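Try each task before reading its solution.

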Amino acid sequence: MFWRKQRAAIEGFHPLHRALVLEQGFSVSLPRDQWEPVIQSIARHEAAVKRRRWRITPRTTRVLVPMLRVLAADMPPEGTLSVALDMRGAKVPEKRGPERPVQVSRPILSMKEWFVFDPWLRMRAELRDGSVVELSVTDRIRHRKYKKRNPRGKVKYKHKTKTVQLVSVTRRLGKGASPRPPGTPPPRWVQVRVKDGNRFMIRASAKLAGPLKDDELRERILHVSTEPFRWTPPGAAASAAGRRTQ
């Protein structure tokens, strides 16, 4: 009876919420206002689902939902917000790269190294000022498995990992926008590149030593996201929106 109630609760979720529970992800593009029912459905999850296999990762509520709200706040009602979410984790075989030998010195006898790339979040939003923002978060995990001889002559096998979280935010300005360099440089841990052309592009990226806790990761993502917006003067968004409605 208990499991039947849990299943019934899941069937009552929004289809995207249900896909997150049963398939651990989704990829879809929706108008801005159609994301609010998804957020409200996810908010009911903890109270409705108790079985471990149907729980959702805290990243959903602590990273995805806040970023949906932040992006939606700068979008017009007809703007499209696209999300590709993959919560299957880093153990999925296709995310693992090839192994390669690593040159070693004693007491290490041999070592193999491989990387796992887990691009678990991608978002794209059409903003009210005519610009487009694309955001991605990828976990890059380096694995090293090695054979080592200790001082007593015993051979041991060890496996170590190192995680780096890659955050990238790209903003393509609307046609006719007048960007200007910000008065102060970005933090040292944020790299910014610009590309001139028909639509001026600013890309901010960061490599974060991780894995960070979800709340800290969210704050770092928000920090990186502010950099592309420092290239347009205050009020420029409102002016651009006004020109389009005339």
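This is a predicted model: local features need pLDDT of at least 70, side-chain atom pairs count only at pLDDT 80 or more; totals for chains, interfaces and linings use all residues.

Residues are numbered from 1 along each chain as its sequence is written, and side-chain values use heavy atoms, with hydrogens and water left out.

**Exercise 1.** Find how many helices and strands the protein chain has, and what share of its residues is buried.

*Solution.* Start with the DSSP runs (helices are H or I, at least four residues; strands are E, at least two; both are numbered from the N terminus). They give seven helices and eight strands. Next, apply the burial cut-offs (buried is under 20% relative accessible area, exposed over 50%, partly exposed in between, with a 1.4 Å probe and protein chains only). Of the 246 residues, 38% are buried.

**Exercise 2.** Describe how helix H5 (residues 59-73) packs with helix H6 (residues 214-226).

*Solution.* First take the axes (lines fitted to C-alpha atoms over the stretch in contact, with angles from 0 to 180 degrees between N-to-C directions). The angle is about 25 degrees and the axes lie 9 Å apart. That makes H5 roughly parallel to H6 (roughly parallel means an angle under 35 degrees). Then list the contacts (heavy atoms within 4.5 Å): H5 contributes residues including Val-63, Pro-66 and Met-67, and H6 residues including Arg-218, Ile-221 and Leu-222. Finally, sort the contact residues by class: six are nonpolar, one is polar and five are charged (nonpolar is Ala, Val, Leu, Ile, Met, Phe, Trp, Tyr, Cys and Pro; charged is Asp, Glu, Lys and Arg; the others, Gly among them, are polar).

**Exercise 3.** Follow the pairing of strand S5 (residues 132-149) with strand S4 (residues 108-126) and strand S6 (residues 155-172).

*Solution.* Count bridges (two strands pair if DSSP finds at least two). S4 and S5 run antiparallel, joined by 17 bridges; S5 and S6 are also antiparallel, over 18 bridges. Now check the turns. Five residues separate S4 from S5, and Gly-130 there has a positive phi near 90 degrees. The hairpin of S5 and S6 has five residues between its strands too, and Gly-153 has a positive phi of about 90 degrees.

Note on methods
Angles under 35 degrees count as roughly parallel, over 145 as roughly antiparallel, 65 to 115 as roughly perpendicular and the rest as oblique.
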